[in-house]
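Here are my notes on the model, as numbered points. Please read them with the structure open.

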Amino acid sequence: MNVGLFIPCYIDQFYPNAAIATLNLLSRLGITVKYPVNQTCCGQPMANSGFEHLTQGCNDLFIDNFSEFDYIVSPSGSCVLHIKDHLHSAAAEDKASGIRKKVYELTEFLTDVLKVDKLSARFPHKVGVHQSCHGQRGLMLAQMTELVDAPFSKPLHLLKMVEGLELVELSRPDECCGFGGTFCVAEEAVSVKMGKDRVADHINHGAEYITAADMSCLMHMEGILRRQNSNVKVLHIAEILNAQ
Amino acid sequence: MSSGTKDHAALSDIFNKDEARVDWHDETLWFVRAKRDKAAHNIPEWESLREAASQIKNNVLSNLHNYLIEFEEQAQKNGVTVHWAADAAEHNQIVHSILKEHGVNRLIKSKSMLTEECHLNEYLKQNEIEVIDTDLGERIVQLAQEPPSHIVLPCIHKKKEEIGELFHEHLGTPEGMADPVFLTAAAREHLRETFLTRKAAITGVNFAVAETGEFVVCTNEGNADMGAHLADVHIACMGIEKIIPKRKNLGVFLRLLTRSATGQPITTYSSHFKKPRPGQQMHLVLVDNGRTTQLSRPDFRNSLKCIRCAACMNTCPVYRRSGGHSYHTAVAGPIGSILAPNLDMKEYSDLPFASTLCGSCSNVCPVKINIHEQLYKWRQVIVKEGYADPTKKLAMKAMEFTLSSPFVYKNAGKVGRWFMKHAPFTVNNKLNLWYQHREMPEVPKESFEEWYKKNKKND
Ligand code: SF4
């Protein structure tokens, strides 16, 4: 199985540990992963701001970097959703549509493709799980509270295999944290308020760590936690699934 | 509704200055959303009902012309006078001319978001006609001289103490009295008197049945019935998208509407109007006001399925924390942000951006409007039409330049990280909107790509 690792730009620049954990986790599960070093960004920040017409450069680069792989895996639900929904190319639409079908967020790849049913991971802490909207509602990583249907959650399914980990229950299990890409600065007041409320739900339920399948939500919540001098830390789910 | 030059971000910034109030607003609406969840989960076939409603509306939108003609014919047969209005101005003139004909200068109105959309109250006031809103929430905002902040709960932004003050001032209730039961009784007395003395009543329309020419008005207070039954002239105003094909379709919508809106199994009063009683006149105004334009935009036509339940507002984490007035349009919240740019793209160019695209709105919508996808699409249209903020435009061009080239990206990343580490004041300052209430991420010693090249490249 030929797997390409897609590391979103802000993880590459600010959260290399989440990327390293993703790589190591996949390797420990016996998967050979290659990281095309010429990748930059999926183009989502531009597209979500209304500038999808400026993303062709990103799209072409993405196609060059990734069309040869059987699977493309990324530790970010929202970037994967962007690729799935919006990657196009007039010059290479075949390749683009191929990529849209074989790009996976990490937890869905572990659950749906590798069908992981045990992990040798240990993380003896109380953990709150933030179900990031793009992953949960967009990629359907977990059942949404609005819909009348049987519950499931791919990230929770995996976290339950981690030894010593105690999940905390939240009052609002799938409320948005308010990051929203450029929303976080364009609508600063509401974004921060949403983040504060989201963080408070975790803290009130005794979480020592907040985790998610999307580092961007965590970056926003971390900014708020650190401004509040809180002891609560954020960790990407890959770092917990890979913890010894 | 005038907001000056303020946009959603600026207006919600003001709303957020009082954090305790934001908490109260958020919790009140979350309570309604939770009631909606409970009501929906009590119906095992909920998702099929939503699908049925969505399909019925698809049929309506594909055959709107035929259904409207059928409806008009049936309504006329029943003795209803049907009028057509191309836009808000024509709608207001039609209503005015009916009132003039009957020499009416005081009337009562039940809640109708269409008349809010058309600014009918202001128009009639300018023409020296007094309008009294009879929905309790509407009456409260009317006394406060404010527009409704929510389409189902018009005064949800007001605390009971503030309502007590308003009633003290306008209805003579004792000062400091904030007991909801007492205040409601006072309002009822005041409205009863009004009902008995007005000769004309305006109501909205929730559903109009093409097959029979009848229409249904849903209220929890019975005020629409009371107004329409006591008045000599009943004027019903509706957007042309309110048509449904058959009477049997009503079951689907009535089951969905109030469960989605407030979590009740059904509205307290679902009043069916078919023909005027002897001696009464019944008028019906069918209003386009941009709806056919929206119908002609394939990406946005779905928005015309909306049955105005407000579930998308109650669930919207942004609406709950910014308040209805921050949307500066009659229909606020996620659906309003799709409808408003259709009416005036420049004035409302901010609204599709007032969302994190979390998608909760699309999930609660009883007619399955893909609300968050339409918000995304509006953003593309608004930028292409040239209504984007110029500084944003420059930033996006720079981003395109950086991200299209691995070489530029890597150097930019290095420079950025160097600045954050060695000269944090260049980013940690007041101009950085991230930094006002959040810390910047800590700077790692190397990027993942640098780590990978060192540790893994030759594995
Ligand atoms: S868009 Fe859907 S959820 Fe929102 S008010 Fe309309 S019908 Fe209700």
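Two residues are in contact when heavy atoms of theirs lie within 4.5 Å. The model is a predicted one, and the points below should be read with that in mind.

1. Helices H3 and H12 of chain B. With contact defined as above, B:Trp46, B:Leu49, B:Arg50, B:Ala52, B:Ala53, B:Ile56 and B:Lys57 of H3(B) meet B:Val252, B:Phe253, B:Arg255, B:Leu256, B:Arg259 and B:Ser260 of H12(B). By type, these contact residues are eight nonpolar, one polar and four charged. H3(B) covers residues 46-62 and H12(B) residues 250-261; the two pack at an angle of about 115 degrees, with axes 10 Å apart. The crossing is left-handed.

2. Helices H9 and H10 of chain B. How close do the axes of H9(B) and H10(B) come, and at what angle do they cross? The axes of H9(B), residues 160-171, and H10(B), residues 180-197, come within 11 Å and cross at roughly 35 degrees. This crossing, too, is a left-handed one. On the H9(B) side the contact consists of B:Lys160, B:Ile163, B:Gly164, B:Phe167 and B:Leu171, and on the H10(B) side of B:Pro180, B:Leu183, B:Ala187 and B:His190. Six of the contact residues are nonpolar, two are polar and one is charged.

3. Chain B overall. Chain B contains 21 helices and 10 strands. Its C-alpha trace spans about 90 × 55 × 45 Å along the principal axes. Of its 459 residues, 58% are buried. Among contacts in chain B with a separation of 6 or more, 73% are between residues 24 or more positions apart.

4. Surroundings of the ligand. The ligand is surrounded by 13 residues, and the closest are B:Cys306, B:Cys309, B:Ala310, B:Cys312 and B:Cys365. The shell has 12 nonpolar residues, no polar ones and one charged.

5. Helix H16 of chain B. Is H16(B), residues 333-343, mostly covered or mostly uncovered? It is mostly covered, with 10 of its 11 residues buried. The buried residues include B:Ile335, B:Ile338, B:Leu339 and B:Asn342. They pack against five helices of chain B: H13 (291-295), H14 (311-315), H15 (317-322), H17 (360-364) and H18 (371-384).

6. Most residues other than glycine have a negative phi. B:His328 has a positive phi, near 40 degrees, and lies in the loop between H15 and H16 of chain B. B:His328 has a relative accessible area of 3%, under the 20% cut-off, and so counts as buried. B:Lys368 also has a positive phi, of about 55 degrees; its place is in the loop between H17 and H18 of chain B. At 31% relative accessibility B:Lys368 falls between the 20% and 50% cut-offs and therefore counts as partly exposed.

7. B:Thr134. This residue sits in the loop between strand E3 (130-133) and helix H8 (136-143) of chain B. B:Thr134 counts as buried because its relative accessibility is 3%. Which residues does B:Thr134 contact, leaving aside its neighbours within four places in sequence? They are B:Ile108, B:Lys109, B:Ser110, B:Leu191, B:Phe195, B:Glu221 and B:Asn223. B:Ala89, which is 45 residues from B:Thr134 in sequence, is 23 Å from it in space, C-alpha to C-alpha.

8. Helix H4 of chain B. H4(B), residues 64-77, has 14 residues and reaches 20 Å from first to last C-alpha, close to the 20 Å expected at 1.5 Å a residue. Its buried residues are B:Leu64, B:Tyr67, B:Leu68, B:Phe71, B:Glu72, B:Gln74 and B:Ala75. In an α-helix, residues three or four places apart point the same way, because there are 3.6 residues a turn. After H4(B) comes B:Gly79, with a positive phi near 95 degrees.

9. Helix H11 of chain A. The 17 residues of H11(A), residues 188-204, should span 24 Å at 1.5 Å a residue, and the end C-alpha atoms are 24 Å apart, so the two agree. Since 13 of the 17 residues are buried, H11(A) is largely enclosed by the rest of the structure. A:Gly206 follows H11(A) and has a positive phi, near 85 degrees.

Definitions and conventions
Residues numbered from 1 in each chain as written. Chains lettered and ligands numbered in written order. Predicted model: local features only at pLDDT ≥ 70, side-chain atom pairs only at ≥ 80, totals over all residues. Heavy atoms only, no water. Helix = DSSP H or I, 4+ residues; strand = E, 2+ residues; numbered from the N terminus. Expected span 1.5 Å × (residues − 1). Buried < 20%, exposed > 50% of the residue type's maximum accessible area, 1.4 Å probe, protein only. Near = heavy atom within 4 Å. Nonpolar A, V, L, I, M, F, W, Y, C, P; charged D, E, K, R; others polar. Axes fitted to C-alpha atoms, helices over the stretch in contact; angles between N-to-C directions. Left-handed = near helix turned anticlockwise from the far one by under 90°.
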